[in-house]
Amino acid sequence: MNIEQRFDEIIENRNLLNHPFYLAWSAGQLPQDALRTYAREYGAFIALVPDGWQTLNEQEIAQEEKEHLELWEDFAQGLGTHVGEAHVPQVKNLVGVARSLWENPETALGALYAFEAQQPATSKSKLEGLRAFYQLPDEVEPYFEIHSHNEHESEKLLHRMQQLAPDEQDSAFQACEKMCDALWSALSGIYDAECAVN
């Protein structure tokens, strides 16, 4: 099994497309309050993504991600909210995990890969769900439009991880697993808070 297959196996065990929150979204079964909470809460994590790229000294991508955060803000505003601090415990945990894993290059590589490798598929699914089932302003779409076909970040991360020493690769694998778990848990926290009783 090569390094890409090992990472993809880790991710598949926590594939966000299989999470009840995203399944409900793609079926048009999420209440708008849940989308609003997601935009506000998950945005606290999205705001940290540039920091991970800065740890890797990838300033161009870090700047790109800062610009993408503005599109996430538009998404939140289109739902009548704004990005703030996380309050859902599992999202607060995701924020803490991200900050911790961004601290050194090996763990930043693995953690960012857990997120970036899934972004095109999840963004495409979310965009299709928004268009098919939710009558929302156009500004909710651009963040997902851009990320539904933007795969160069994960390719760059994978290339850099292929250059790591074996023990550094192990750190990246562990970070990928931690981030996958934290991302899944964050969605569970939002889903449980907004959807479990509906």
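Where is the place of N57? N57 is located in the loop between α4 (49-55) and α5 (59-78); the points below begin with this residue.

The model is predicted, so local features need pLDDT of at least 70 and side-chain atom pairs count only at pLDDT 80 or more, while totals for chains, interfaces and linings use all residues. Residues are numbered from 1 along each chain as its sequence is written, and side-chain values use heavy atoms, with hydrogens and water left out.

1. Backbone at N57. Although N57 is not a glycine, its phi is positive, at about 60°. N57 counts as exposed because its relative accessibility is 59%. The classes used throughout are buried (under 20% relative accessible area), exposed (over 50%) and partly exposed (in between), with a 1.4 Å probe and protein chains only. The elements named here are DSSP runs numbered from the N terminus: helices are H or I runs of at least four residues, and strands are E runs of at least two.

2. Aromatic pairs. Over the whole structure, 21 aromatic pairs are found. Rings of Phe, Tyr and Trp (its six-membered ring) pair if their centres lie within 6.5 Å; planes under 30 degrees apart are stacked, those over 60 edge-to-face, and the rest tilted. The ring centres of F45 and F115 are 5.2 Å apart and the planes stand at 85°, so this pair is edge-to-face. Because F45 belongs to helix α3 (residues 32-46) and F115 to helix α7 (residues 105-116), the pair ties together parts that are 70 residues apart in sequence. Both F45 and F115 are buried.

3. Aromatic cluster. F45 and F115 also belong to one aromatic cluster, whose members include F21, Y22, W25, Y38 and Y42. Also among them are W72, F75, Y143 and F144.

4. Cavity. One cavity of 30 Å³ or more is found in the whole structure. On a 1 Å grid over the protein atoms alone, a cavity is a set of points where a 1.4 Å probe fits but cannot get out; a pocket is an open set with protein on both sides within 12 Å along at least five of seven lines; lining residues have an atom within 4 Å of a point. Grid points are joined across faces, edges and corners, and a volume is the space filled by probe spheres set on the points. The largest cavity has a volume of about 80 Å³. Its lining comprises 14 residues, with Y42, F115, Q119, T122 and K126 nearest the centre. Helices α3, α7 and α8 (119-133) each contribute at least two residues to this lining. By class, the cavity lining holds ten nonpolar residues, three polar and one charged. In this classification Ala, Val, Leu, Ile, Met, Phe, Trp, Tyr, Cys and Pro are nonpolar, Asp, Glu, Lys and Arg are charged, and the others, Gly among them, are polar.

5. The volume of the largest pocket is about 240 Å³. It is lined by 14 residues, of which D8, Y113, A117, Q118 and S154 are the closest to its centre. Two or more lining residues come from each of α1 (3-12) and α10 (152-162). The greatest contribution to the pocket lining is that of α1, with four residues. The lining of the largest pocket divides into six nonpolar, three polar and five charged residues.

6. Charge over a ring. R6 lies over the face of F173, at 3.6 Å from the ring centre. The criterion is that NZ of Lys or CZ of Arg is within 6 Å of the ring centre and within 35 degrees of the ring normal.

7. Cysteines. With a disulfide taken as a pair of cysteine sulfur atoms within 2.5 Å, the count is zero. C176 is in no disulfide, the nearest cysteine sulfur being that of C180, 4.2 Å away. C176 counts as buried because its relative accessibility is 0%. C195, at 9% relative accessibility, likewise counts as buried.

8. Further helix positions. I190 lies in helix α11 (residues 166-194) and, at 0% relative accessibility, counts as buried. A62, in helix α5, is buried, with a relative accessible area of 1%. A121, in helix α8, is partly exposed, with a relative accessible area of 37%.
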